[in-house]
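Here are my notes for you, written as numbered points. Keep the model open while you read, and look up each spot as it comes along.

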Amino acid sequence: MTSSLWAPFTAMRPFNRQPMLFDRAAGMHYTTTEGRDVLDAMAGLWCVNAGHGQPRIVEAIREAAGRLDFVSSFKMSHPAALTLADQLVAKAPANLDKVFFTNSGSEAVDTALKIARAYHQARGDSRRTKLIGRAKGYHGMGFGGLSVSGIGRQKRDFGPLLGDVAHLPLPYDAGSRFSLGQPEQGAHYADALLHLLEVHDPATVAAVIVEPVTGSGGVYAPPLGYLQKLREICDRHGLLLIFDEVITGFGRVGHGFAAEAFGVTPDLMTLAKGLTNGAVPMGGVLVSGAVYEAFMQGPEQAIELMHGYTYSAHPLACAAGLATLEVHEELGLNAHVRQIAPLWQNTALALREQALVLDVRAIGLLCAVELKPREGAPGARAAGVAQRCFEAGVLVRASGENIVLSPPLIINQEQVAQVFSTLGKALEATR
Ligand SMILES: Cc1ncc(COP(=O)(O)O)c(C=O)c1O
């Protein structure tokens, strides 16, 4: 088949030969265009947390489309945008008081980086422009997010990115392999921030951005005490701390946000994906009251933040977001994740017996199974395993040498068993 589509992050030639096409989805399953049901162990792309086709979300979108198709968010708004902002703030850790809406995680990250720089500017500290990311971090594909990301291959082809950027190391080493939840060792990796500040002069650094749990880079949970240390160092040196919770928000680790799960509150928090259950594109940045207030000091009529998107707070997205929050409550998803996560994690860990498995990392309803690379063919083994799983009725994601899993949070015990037994058989059949 040849089509005009150029798909993101896709090898187009194999895709055109054998496109993977889906027609429908409901609950835990997709149905392919050939009518085959496939269990979705990726929650779409880490986003369909409440399961596919939730009737309340579908109905809310339908109703919103018929009532108010669009209104600009520049100098005006609509009630659902205000309500969604209030409800998100009510669920967020105390001190995150405002929400700026975007349409994706990438836009949320670039918005957060801009807010961080502009915050220091607004306070008269224009030297603070540098940004610090972390190895294996993924922060979307805008030039800002890509600059702070820690995955070199994704930057290679796009020329100079933001200049004033440095990176922390991944807080993980071989000693933490096969440990479930937060590794006990590794808080000392936060000291690398002190070393970076020695090199860069703390008075020139605007912010540090990390995913509380590294997601796309391969599911690495923060060692116990690590995020607390980052928070302390940021406070001591006047840096803002940004958590990118595009994956970890909305129940993925058994709490509304990873900040709550790990007991550390950032100054800015990016959201997307699970915010609307993936049903309408939407992202956002939660902002602390102190950061927001720094912007509110100039002349009353002046726009405080020269930034925004045509589709910020789109009525359909706000309707989907409000309905998603209701569905989360109604289904008790956070509690369900906390209850089923031990089974998920221990079943994952049993794969350590497989000869090809180098590491298993799991926290909440996230998991990465890292495979030994095939000589001379990076990523080929994981891609082959994912293909076998798909043929056996389970959709998993190959990412580098990892199989990454992040099912809808409504997954039940039988489905957990199905995911890992399918993956186990695919590993056994793979050379
Ligand atoms: C942590 C994180 N930040 C940002 C993004 C970018 O989000 P989007 O693809 O919606 O732009 C992603 C996407 O996977 C992500 O995982």
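1. Start with isoleucine 363: its bridge partner in strand E12 is leucine 366. E12 covers residues 366–371, and six bridges join it to strand E11 (residues 357–363), the two running antiparallel. Strands here are DSSP runs of at least two residues (E), helices are runs of at least four (H or I), and both are numbered from the N terminus. Two strands pair if DSSP finds at least two bridges between them.

2. A quick word on what you're looking at: this is a predicted model, where local features need pLDDT of at least 70, side-chain atom pairs count only at pLDDT 80 or more, and totals for chains, interfaces and linings use all residues. Residues are numbered from 1 along each chain as its sequence is written.

3. Back to the hairpin of E11 and E12. Two residues sit between the strands, and glycine 364 takes a positive phi near 50°. E11 is mostly covered, with five of its seven residues buried. Buried means that 20 or more other C-beta atoms lie within 10 Å of a residue's own; exposed means 12 or fewer, partly exposed is in between, and the C-beta atoms are placed from the backbone.

4. Now find strand E9 (residues 268–271), which is covered on both faces. Leu268 and Thr270 are buried on one side, Met269 and Leu271 on the other.

5. Who are E9's neighbours? Strand E8 (residues 240–244) pairs with E9 in the parallel sense over three bridges, while strand E10 (residues 283–288) is joined to E9 by four bridges and runs antiparallel to it. Leucine 268 is a handy landmark: isoleucine 242 stands opposite it, and its bridge partner in E10 is valine 287.

6. Ala192, Leu193 and Leu197 are buried. Down the axis of H7, these buried residues fall within an arc of 145°, so they line one face of the helix; the arc is taken from the directions from the helix axis to the C-beta atoms. The face turned away from that buried side carries exposed His195, Glu198 and Val199.

7. Last one: just after H7, aspartate 201 takes a positive phi of about 70°.
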